[in-house]
Amino acid sequence: MVSQTIDILKNELPLDQQLVVLPDDVVTGLVLVDIINGFCTVGAGNLAPREPNRQISGMIDESAGLARQFCEKRLPVLAFLDSHHPNKPEDPYPPHCIAGTDESNLVPALQWLEQEPNVTMRRKDCFDGYLGSIEEDGSNVFVDWVKNNHIKAILVVGVCTDICVLDFVCSTLSAKNRGFLGPLEEVVVYSRACATFDVPLNIARNTKGALAHPQEFMHHVGLYMAKERGAKIANQVSFGEPKKP
């Protein structure tokens, strides 16, 4: 029944994906959204997977491979890490990724990024990395990262496809359209390096406060909504020749 529903969804909301080639003479930045233990490592917290999950494991592998390529090319990388204060809940979710705990740290496959000179780490305390980048003085770490590195395109990966990834993409596209993010021109979401969590309906019905969240269904919806906002959705990414004039 679930697979039939997903087939209906994909037929009604077809998602055209594409190969995106990143030209060597255009500065592209990689944005890693919340690839941390509290969302990705089995048993690591209230919102971590309870058992190994193929979509999440695939996301980590793809993201780690991309991060290696970006670091080898000395291209800018920004990693968001969900980090909450214990007295500031994020409804409707239970406490998670509390600042100072291992839940809010990068997964083991990405911890090497902490030593890379081209990587900017940003701990955020809300869904949206764009809003979570605002400092007390009104400056914005993400905006400064784009401008200081002369970034013309960003490649977005991470979790969750339909929550933190989508919120960040929507805010970024709105800011770009308002002219706040020059020289940024393009936002690309790489579908194979994104993932979300899975709460089947039968589990949600028997868990107080839980909402059903079928993984493949919501992953597709998150990607579709990002495209509807103006992002490119890639199912393949490669580095290529310089961009033709």
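Tutor: The side chain of His96 has a polar atom 2.8 Å from the backbone oxygen of Pro94. A polar contact here is a pair of N or O atoms within 3.5 Å; within protein, one must be able to donate a hydrogen and the other to accept it, and residues adjacent in sequence count only if both atoms are side-chain atoms. The His96 side chain also makes a polar contact with the side chain of Asp82, at 3.3 Å. This is a predicted model: local features need pLDDT of at least 70, side-chain atom pairs count only at pLDDT 80 or more, and totals for chains, interfaces and linings use all residues. Residues are numbered from 1 along each chain as its sequence is written, and side-chain values use heavy atoms, with hydrogens and water left out.

His96 sits in the loop between E3 and E4; helices (H or I, at least four residues) and strands (E, at least two) are DSSP runs, numbered from the N terminus. With a relative accessible area of 3%, His96 is buried. Buried means under 20% relative accessible area, exposed over 50%, and partly exposed in between (1.4 Å probe, protein chains only). Not counting residues up to four places away in sequence, His96 touches Phe39, Leu47, Asp82, His84, Glu90 and Glu103, where contact means heavy atoms within 4.5 Å.

Now the rings. The structure holds seven aromatic pairs. Rings of Phe, Tyr and Trp (its six-membered ring) pair if their centres lie within 6.5 Å; planes under 30 degrees apart count as stacked, over 60 as edge-to-face and the rest as tilted. One of the pairs is Phe80 with Phe168, edge-to-face at 5.3 Å centre to centre and 65° between the planes. Phe80 belongs to strand E3 (residues 77–82) and Phe168 to helix H5 (residues 161–177), so this pair ties together parts that are 88 residues apart in sequence. Both Phe80 and Phe168 are buried.

Tyr93 and Phe127 form another edge-to-face pair, 6.0 Å centre to centre with 75° between the planes. Tyr93 is in the loop between E3 and strand E4 (119–124), and Phe127 is in the loop between E4 and helix H4 (141–148), 34 residues apart. Tyr93 is partly exposed at 24% relative accessibility, and Phe127 is partly exposed with a relative accessible area of 24%.

Ring pairs also link Phe80, Tyr130, Phe142, Trp145 and Phe168 into a cluster.
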